[in-house]
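Welcome! Take a look at the structure first, then follow the points below.

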Amino acid sequence: WLVGRLDGGNVGPRPKYRTYEPPKRNFELALKGGLVVKGKAEYRQPPITVDCRVRLTKQSDYNILVASDTKQSGAHWEIFGAAGSGTLAAYLPGKKPELISSTAKIVDDKWHHIAMIYEADRVRLVVDGNLAADTPIESIGKPTVAGNLAFGRLVEGGLACYGEIQYVRIRRGAQKIGKPLQHPPEADD
């Protein structure tokens with residue numbers, strides 16, 4: 001437009017200014033109501049390993065990190081920071097026990113690497129490479145209701161996450177959780 005104008009041509013109306021906006025990061029999505037994506041059967045079938053890097057700030061409320069399906073589903077699972085205590089927990093209403101608790105505090109405004117290793121007969125929770133809970137489980141036969149996958153919230157809404165979720169990774173199998181990643185995993189991880 002400017003070159004055409006300097007050459008004396010009729011180039012039309014002046015263009016509008018455009019300002020660069022950096023892309024939104026995952027934790028910003030969580031702070032603004034979370035992110036819901038299409039669920040897959042693979043997310044409902046143990047063994048799976050779910051790990052993420054988070055920094056959570058509000059201990060008085062639940063901090064939902066990742067949730068598969070709604071709570072009505074026997075295949076529902078969620079990983080969260082417990083309200084009040086700020087400790088890592090997992091909820092699986094189709095299993096007995098349905099609540100897997102730990103004493104590992106994750107809501108303290110510090111970065112933590114969190115993992116849930118979900119197998120057919122047990123759930124392990126890991127915080128910063130340390131085993132926080134190892135609980136045997138069994139199915140209660142609750143039917144599966146296929147649904148979505150949510151980050152920073154429940155699939156059906158209602159509870160959110162207060163803080164930052166840097167990345168989430170879901171893998172098939174019971175993976176060994178060692179040294180925490182200090183950066184988001186590469187696309188081929």
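**A residue to start with: Asp 109**

Asp 109 is partly exposed, because its relative accessible area is 48%; partly exposed is the range between buried (under 20% relative accessible area) and exposed (over 50%), using a 1.4 Å probe and protein chains only. You will find Asp 109 in the loop between strand 7 and strand 8 (111-119). This is a predicted model, in which local features need pLDDT of at least 70 and side-chain atom pairs count only at pLDDT 80 or more, while totals for chains, interfaces and linings use all residues. Residues are numbered from 1 along each chain as its sequence is written, and side-chain values use heavy atoms, leaving out hydrogens and water.

**The chain as a whole**

- The protein chain has three helices and 13 strands; helices (H or I, at least four residues) and strands (E, at least two) are DSSP runs, numbered from the N terminus.
- Buried residues make up 43% of the 189 residues in the protein chain.
- Among contacts with a separation of 6 or more, 62% link residues 24 or more positions apart, where contact means heavy atoms within 4.5 Å.

**Strand 5 and its partners**

- Strand 4 (residues 77-81) runs antiparallel to strand 5, and four bridges join them; two strands pair if DSSP finds at least two bridges between them.
- Ile 79 stands opposite Ala 90 in this pairing.
- Five residues lie between strand 4 and strand 5, which form a hairpin, and Gly 84 in the turn has a positive phi of about 90 degrees.
- Strand 5 also pairs with strand 7 (residues 99-105), in the antiparallel sense and over four bridges, with Ala 89 opposite Ser 101.

**Nonpolar cores**

- The largest nonpolar core has 29 residues, and Leu 65, Trp 77, Ile 114 and Met 116 have the most contacts inside it; a nonpolar core is a set of buried Ala, Val, Leu, Ile, Met, Phe, Trp, Tyr and Cys residues joined through side-chain atoms within 4.5 Å.
- Strand 2 gives the most to this core, with five residues.
- Leaving aside neighbours within four places in sequence, Leu 65 is in contact with residues including Val 54, Ile 79, Ile 114 and Phe 151.
- A second, separate core of seven residues includes Ala 67, Phe 80, Ala 82 and Ala 89.

**Backbone details to look for**

- Most residues other than glycine have a negative phi, and most peptide bonds are trans.
- Asp 109 has a positive phi near 60 degrees.
- Asp 69 has a positive phi near 65 degrees, and it lies in the loop between strand 3 (63-68) and strand 4.
- Asp 69 counts as buried because its relative accessibility is 0%.
- A cis peptide bond, with omega about 5 degrees, joins Pro 46 and Pro 47; Pro 47 lies in the loop between helix 3 (41-44) and strand 2 (48-56).
- The peptide bond from Lys 96 to Pro 97 is also cis, with omega near -5 degrees, and Pro 97 lies in the loop between strand 6 (95-96) and strand 7.
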